[in-house]
Amino acid sequence: MIINKYKLRSDIHSVHLSGMGCSAGLISVGLARNLLQIAPCGALALMVSTETVSEKYYNGKKRGMQLANILFRMGAAAVLLPNSKAKARFRLKHLLRTIASDQENAYRCAFLEEDEEGNTGINLSKDIIAVSGNSLKAALTAIGPLVLPTSEKLRYVLSYITHKVFNYKYKLYVPDFRMAFEHFCIHAGGPAVIDAVQHNLGLLDAQAEPSRMTLHRFGNTSSSTLWYELAYIEATGRMKEGDRVLMIGFGSGYKCNIAVWECIQPASCTADGPWTEGTTCVLWKQAITMS
(Lines give C-alpha, C1' and ligand atoms only; values in the text may rest on other atoms or scores of the structure.)
Protein backbone atom coordinates (compact mmCIF):
# COMPACT_ATOMS: atom_id res chain seq x y z
CA MET A 1 0.00 0.00 0.00
CA ILE A 2 2.77 2.44 0.94
CA ILE A 3 4.77 1.62 -2.19
CA ASN A 4 1.76 2.28 -4.42
CA LYS A 5 0.58 5.35 -2.49
CA TYR A 6 3.90 7.17 -2.75
CA LYS A 7 4.89 5.71 -6.15
CA LEU A 8 8.10 4.15 -4.88
CA ARG A 9 10.34 1.97 -7.03
CA SER A 10 8.89 -1.36 -8.13
CA ASP A 11 12.01 -3.29 -7.07
CA ILE A 12 11.61 -2.44 -3.37
CA HIS A 13 11.27 -5.51 -1.14
CA SER A 14 8.19 -5.28 1.08
CA VAL A 15 7.75 -7.39 4.24
CA HIS A 16 4.56 -7.43 6.30
CA LEU A 17 4.75 -8.29 10.01
CA SER A 18 1.48 -8.63 11.91
CA GLY A 19 0.21 -10.31 15.04
CA MET A 20 3.33 -9.34 16.98
CA GLY A 21 1.46 -7.10 19.40
CA CYS A 22 2.86 -3.93 20.92
CA SER A 23 6.45 -5.14 20.60
CA ALA A 24 6.28 -5.36 16.80
CA GLY A 25 8.35 -2.20 16.32
CA LEU A 26 11.52 -3.66 17.82
CA ILE A 27 10.92 -6.99 16.06
CA SER A 28 10.82 -5.03 12.80
CA VAL A 29 14.08 -3.33 13.72
CA GLY A 30 15.65 -6.77 14.03
CA LEU A 31 14.34 -7.80 10.63
CA ALA A 32 15.56 -4.56 9.04
CA ARG A 33 19.00 -5.02 10.62
CA ASN A 34 19.34 -8.50 9.15
CA LEU A 35 18.29 -7.31 5.70
CA LEU A 36 20.58 -4.28 5.76
CA GLN A 37 23.59 -6.35 6.81
CA ILE A 38 23.52 -8.13 3.45
CA ALA A 39 22.53 -5.05 1.42
CA PRO A 40 24.99 -2.77 -0.41
CA CYS A 41 26.41 0.15 1.57
CA GLY A 42 24.01 3.09 1.44
CA ALA A 43 20.87 0.96 1.40
CA LEU A 44 17.79 2.16 3.29
CA ALA A 45 14.94 0.39 5.05
CA LEU A 46 11.68 2.16 5.84
CA MET A 47 9.96 0.71 8.89
CA VAL A 48 6.36 1.72 9.54
CA SER A 49 4.77 0.84 12.90
CA THR A 50 1.02 1.24 13.10
CA GLU A 51 -1.94 0.34 15.29
CA THR A 52 -5.31 -0.26 13.64
CA VAL A 53 -7.93 -0.75 16.34
CA SER A 54 -11.00 -1.01 14.10
CA GLU A 55 -10.10 -4.51 12.89
CA LYS A 56 -10.14 -5.97 16.42
CA TYR A 57 -12.93 -3.81 17.88
CA TYR A 58 -14.97 -5.82 20.37
CA ASN A 59 -18.77 -5.55 20.26
CA GLY A 60 -19.57 -7.92 23.12
CA LYS A 61 -20.30 -7.54 26.83
CA LYS A 62 -17.32 -9.24 28.47
CA ARG A 63 -15.46 -6.61 30.53
CA GLY A 64 -12.03 -8.11 30.15
CA MET A 65 -12.40 -7.82 26.39
CA GLN A 66 -13.99 -4.36 26.42
CA LEU A 67 -10.84 -2.91 27.97
CA ALA A 68 -8.91 -3.10 24.70
CA ASN A 69 -11.52 -0.83 23.05
CA ILE A 70 -10.64 2.06 25.35
CA LEU A 71 -6.97 1.30 25.93
CA PHE A 72 -5.61 1.40 22.38
CA ARG A 73 -5.51 4.31 19.93
CA MET A 74 -4.88 4.67 16.22
CA GLY A 75 -1.36 5.83 15.46
CA ALA A 76 1.71 5.29 13.32
CA ALA A 77 5.39 6.15 13.13
CA ALA A 78 7.90 5.79 10.30
CA VAL A 79 11.61 5.15 10.90
CA LEU A 80 14.26 5.38 8.19
CA LEU A 81 17.04 2.85 8.76
CA PRO A 82 20.31 3.14 6.76
CA ASN A 83 23.33 0.86 6.92
CA SER A 84 25.70 3.79 6.43
CA LYS A 85 26.96 5.90 9.32
CA ALA A 86 27.07 8.96 7.06
CA LYS A 87 23.27 9.03 6.87
CA ALA A 88 22.49 8.03 10.44
CA ARG A 89 21.89 9.79 13.74
CA PHE A 90 21.67 6.71 15.99
CA ARG A 91 23.59 3.44 16.13
CA LEU A 92 21.94 0.19 17.14
CA LYS A 93 24.17 -1.34 19.82
CA HIS A 94 22.11 -4.29 21.05
CA LEU A 95 18.77 -5.91 20.30
CA LEU A 96 17.26 -8.55 22.56
CA ARG A 97 14.02 -10.53 22.29
CA THR A 98 12.47 -12.67 25.03
CA ILE A 99 9.22 -14.62 24.99
CA ALA A 100 7.41 -16.51 27.76
CA SER A 101 4.94 -18.53 25.69
CA ASP A 102 5.89 -21.67 27.65
CA GLN A 103 3.97 -20.24 30.63
CA GLU A 104 0.20 -20.52 30.30
CA ASN A 105 -0.65 -17.35 32.22
CA ALA A 106 1.86 -15.35 30.17
CA TYR A 107 0.69 -16.82 26.88
CA ARG A 108 -2.97 -15.99 27.56
CA CYS A 109 -2.62 -12.64 29.38
CA ALA A 110 -3.25 -10.80 26.08
CA PHE A 111 -5.14 -13.20 23.88
CA LEU A 112 -7.34 -12.86 20.80
CA GLU A 113 -10.42 -15.04 21.27
CA GLU A 114 -14.19 -15.30 20.97
CA ASP A 115 -16.60 -14.78 23.85
CA GLU A 116 -19.64 -16.94 24.58
CA GLU A 117 -21.69 -15.05 21.98
CA GLY A 118 -19.12 -15.43 19.20
CA ASN A 119 -17.74 -11.85 19.33
CA THR A 120 -14.01 -11.67 18.66
CA GLY A 121 -11.78 -9.43 20.75
CA ILE A 122 -8.61 -9.18 22.79
CA ASN A 123 -8.92 -10.52 26.32
CA LEU A 124 -6.56 -8.74 28.72
CA SER A 125 -5.91 -10.73 31.87
CA LYS A 126 -5.42 -9.28 35.36
CA ASP A 127 -2.05 -11.05 35.39
CA ILE A 128 -0.62 -8.79 32.68
CA ILE A 129 1.26 -6.47 35.07
CA ALA A 130 2.85 -9.37 36.96
CA VAL A 131 3.72 -11.10 33.69
CA SER A 132 5.24 -7.88 32.35
CA GLY A 133 7.41 -7.61 35.47
CA ASN A 134 8.68 -11.17 35.14
CA SER A 135 9.37 -10.71 31.42
CA LEU A 136 11.22 -7.47 32.07
CA LYS A 137 13.34 -9.15 34.74
CA ALA A 138 14.32 -11.91 32.31
CA ALA A 139 15.17 -9.41 29.58
CA LEU A 140 17.24 -7.18 31.86
CA THR A 141 19.10 -10.21 33.22
CA ALA A 142 20.09 -11.08 29.67
CA ILE A 143 21.02 -7.57 28.53
CA GLY A 144 22.72 -6.49 31.78
CA PRO A 145 26.13 -8.09 31.17
CA LEU A 146 26.32 -6.35 27.79
CA VAL A 147 25.56 -2.81 28.96
CA LEU A 148 26.24 -2.37 32.68
CA PRO A 149 29.52 -0.83 33.85
CA THR A 150 32.04 -3.08 35.61
CA SER A 151 31.24 -1.60 39.02
CA GLU A 152 27.59 -2.64 38.79
CA LYS A 153 28.53 -6.13 37.61
CA LEU A 154 30.91 -6.58 40.55
CA ARG A 155 28.31 -5.40 43.06
CA TYR A 156 25.83 -7.90 41.67
CA VAL A 157 28.35 -10.78 41.77
CA LEU A 158 29.26 -10.01 45.38
CA SER A 159 25.58 -9.78 46.25
CA TYR A 160 24.92 -13.13 44.59
CA ILE A 161 27.74 -14.83 46.50
CA THR A 162 26.49 -13.38 49.80
CA HIS A 163 22.97 -14.42 48.93
CA LYS A 164 24.07 -18.03 48.43
CA VAL A 165 26.56 -18.28 51.32
CA PHE A 166 24.10 -17.00 53.91
CA ASN A 167 21.28 -19.24 52.68
CA TYR A 168 19.20 -16.56 50.95
CA LYS A 169 18.99 -14.29 54.02
CA TYR A 170 20.22 -11.28 52.08
CA LYS A 171 18.45 -9.85 49.06
CA LEU A 172 20.15 -9.79 45.69
CA TYR A 173 21.47 -6.42 44.60
CA VAL A 174 19.44 -4.89 41.79
CA PRO A 175 21.84 -3.26 39.29
CA ASP A 176 21.31 0.43 38.61
CA PHE A 177 20.58 0.66 34.89
CA ARG A 178 20.69 4.44 35.16
CA MET A 179 24.47 4.01 35.20
CA ALA A 180 24.30 2.56 31.69
CA PHE A 181 21.74 4.83 30.02
CA GLU A 182 20.85 8.50 29.83
CA HIS A 183 17.36 8.00 28.40
CA PHE A 184 14.57 5.42 28.72
CA CYS A 185 11.70 4.71 26.33
CA ILE A 186 9.11 2.49 28.04
CA HIS A 187 6.18 1.06 26.14
CA ALA A 188 3.24 3.34 26.97
CA GLY A 189 0.83 0.49 27.60
CA GLY A 190 -0.87 2.30 30.46
CA PRO A 191 -0.09 4.07 33.75
CA ALA A 192 0.29 0.76 35.60
CA VAL A 193 2.86 -0.53 33.10
CA ILE A 194 4.92 2.66 33.26
CA ASP A 195 4.69 2.75 37.06
CA ALA A 196 5.88 -0.85 37.35
CA VAL A 197 8.88 -0.36 35.05
CA GLN A 198 9.81 2.93 36.70
CA HIS A 199 9.70 1.29 40.12
CA ASN A 200 11.69 -1.78 39.07
CA LEU A 201 14.41 0.29 37.42
CA GLY A 202 14.40 3.01 40.07
CA LEU A 203 13.89 5.73 37.47
CA LEU A 204 13.34 9.38 38.29
CA ASP A 205 10.11 11.03 37.18
CA ALA A 206 12.03 12.94 34.51
CA GLN A 207 13.34 9.68 33.04
CA ALA A 208 9.82 8.22 32.78
CA GLU A 209 8.41 11.50 31.47
CA PRO A 210 8.68 10.64 27.72
CA SER A 211 6.49 7.57 28.24
CA ARG A 212 3.91 9.37 30.36
CA MET A 213 3.70 12.31 27.96
CA THR A 214 3.26 9.95 25.00
CA LEU A 215 0.46 8.12 26.80
CA HIS A 216 -1.17 11.42 27.79
CA ARG A 217 -1.09 13.00 24.33
CA PHE A 218 -1.42 10.06 21.94
CA GLY A 219 -2.63 7.16 24.10
CA ASN A 220 -1.42 3.59 23.63
CA THR A 221 -0.62 3.43 19.91
CA SER A 222 0.96 0.01 20.35
CA SER A 223 4.32 -0.56 18.65
CA SER A 224 4.71 3.08 17.56
CA THR A 225 4.78 4.52 21.09
CA LEU A 226 8.53 4.01 21.50
CA TRP A 227 9.28 6.24 18.51
CA TYR A 228 7.01 9.00 19.85
CA GLU A 229 8.99 8.84 23.09
CA LEU A 230 12.33 9.09 21.33
CA ALA A 231 10.98 12.07 19.41
CA TYR A 232 9.90 13.66 22.70
CA ILE A 233 13.40 13.37 24.14
CA GLU A 234 14.80 15.12 21.09
CA ALA A 235 12.06 17.75 20.98
CA THR A 236 12.86 18.74 24.57
CA GLY A 237 16.55 19.13 23.71
CA ARG A 238 17.75 16.39 26.05
CA MET A 239 19.50 14.18 23.50
CA LYS A 240 23.27 14.72 23.27
CA GLU A 241 25.96 13.06 21.20
CA GLY A 242 27.06 9.82 22.86
CA ASP A 243 23.85 9.45 24.89
CA ARG A 244 22.56 5.92 25.26
CA VAL A 245 18.87 5.01 25.01
CA LEU A 246 17.14 1.94 26.42
CA MET A 247 13.93 0.98 24.63
CA ILE A 248 11.59 -1.53 26.29
CA GLY A 249 8.65 -2.98 24.38
CA PHE A 250 6.03 -5.44 25.62
CA GLY A 251 3.69 -7.52 23.49
CA SER A 252 1.37 -10.49 23.43
CA GLY A 253 2.99 -13.88 23.53
CA TYR A 254 4.20 -12.74 26.10
CA LYS A 255 7.18 -10.79 24.76
CA CYS A 256 9.61 -8.29 26.21
CA ASN A 257 11.96 -6.81 23.64
CA ILE A 258 14.86 -4.45 24.30
CA ALA A 259 16.86 -2.20 21.99
CA VAL A 260 19.94 -0.19 22.95
CA TRP A 261 20.77 2.88 20.85
CA GLU A 262 23.66 5.34 20.89
CA CYS A 263 23.20 8.87 19.59
CA ILE A 264 25.91 9.76 17.08
CA GLN A 265 24.35 12.97 15.74
CA PRO A 266 21.67 14.91 17.68
CA ALA A 267 18.78 16.36 15.71
CA SER A 268 19.43 19.85 14.38
CA CYS A 269 15.75 20.62 13.97
CA THR A 270 12.56 19.00 15.26
CA ALA A 271 10.10 21.45 13.71
CA ASP A 272 8.30 18.71 11.78
CA GLY A 273 8.02 16.27 14.68
CA PRO A 274 4.86 15.16 16.48
CA TRP A 275 5.67 17.29 19.53
CA THR A 276 5.65 20.60 17.64
CA GLU A 277 3.14 22.95 19.24
CA GLY A 278 -0.14 22.91 17.33
CA THR A 279 0.90 20.21 14.88
CA THR A 280 -1.61 17.67 13.60
CA CYS A 281 1.02 15.36 12.16
CA VAL A 282 1.70 12.12 14.01
CA LEU A 283 4.27 10.71 11.60
CA TRP A 284 7.88 10.96 12.76
CA LYS A 285 10.90 10.20 10.65
CA GLN A 286 14.26 9.22 12.09
CA ALA A 287 17.51 7.96 10.59
CA ILE A 288 19.18 5.17 12.53
CA THR A 289 22.13 3.08 11.44
CA MET A 290 22.23 -0.69 11.58
CA SER A 291 25.71 -1.78 12.72
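Modeller: What follows takes the cavities, then the cores.
This is a predicted model, so to speak of local features we need pLDDT of at least 70, and side-chain atom pairs count only at pLDDT 80 or more, while totals for chains, interfaces and linings use all residues. Residues are numbered from 1 along each chain as its sequence is written, and side-chain values use heavy atoms, leaving out hydrogens and water.

Colleague: How many cavities of 30 Å³ or more does the search find?

Modeller: The whole structure has 2, a cavity being a set of points on a 1 Å grid over the protein atoms alone where a 1.4 Å probe fits but cannot get out.

Colleague: What lines the second largest cavity?

Modeller: That space, about 30 Å³, is lined (an atom within 4 Å of a point) by Ile129, Ser132, Gly133, Leu136, Val193, Ala196, Val197, Asn200 and Phe250. The helices α5 (128–147) and α7 (191–201), taken as DSSP runs of H or I with at least four residues, each supply at least two lining residues.

Colleague: Which kinds of residue are they?

Modeller: The lining has 6 nonpolar and 3 polar residues and no charged ones, with Gly counted as polar.

Colleague: Changing topic, which residues have the most contacts inside the largest nonpolar core?

Modeller: Ile248 and Ile258 do, in a core of 27 residues; such a core joins buried (under 20% relative accessible area, 1.4 Å probe) Ala, Val, Leu, Ile, Met, Phe, Trp, Tyr and Cys residues through side-chain atoms within 4.5 Å. Among the elements giving two or more residues to this core are α5 and α7, and α5 gives the most, with 6.

Colleague: What does the second, separate core include?

Modeller: That core of 23 residues includes Leu226, Leu230, Val245 and Trp261.

Methods:
On a 1 Å grid over the protein atoms alone, a cavity is a set of points where a 1.4 Å probe fits but cannot get out, and a pocket is an open set with protein on both sides within 12 Å along at least five of seven lines; lining residues have an atom within 4 Å of a point. Grid points are joined across faces, edges and corners, and a volume is the space filled by probe spheres set on the points. Buried means under 20% relative accessible area, exposed over 50%, partly exposed in between (1.4 Å probe, protein chains only).
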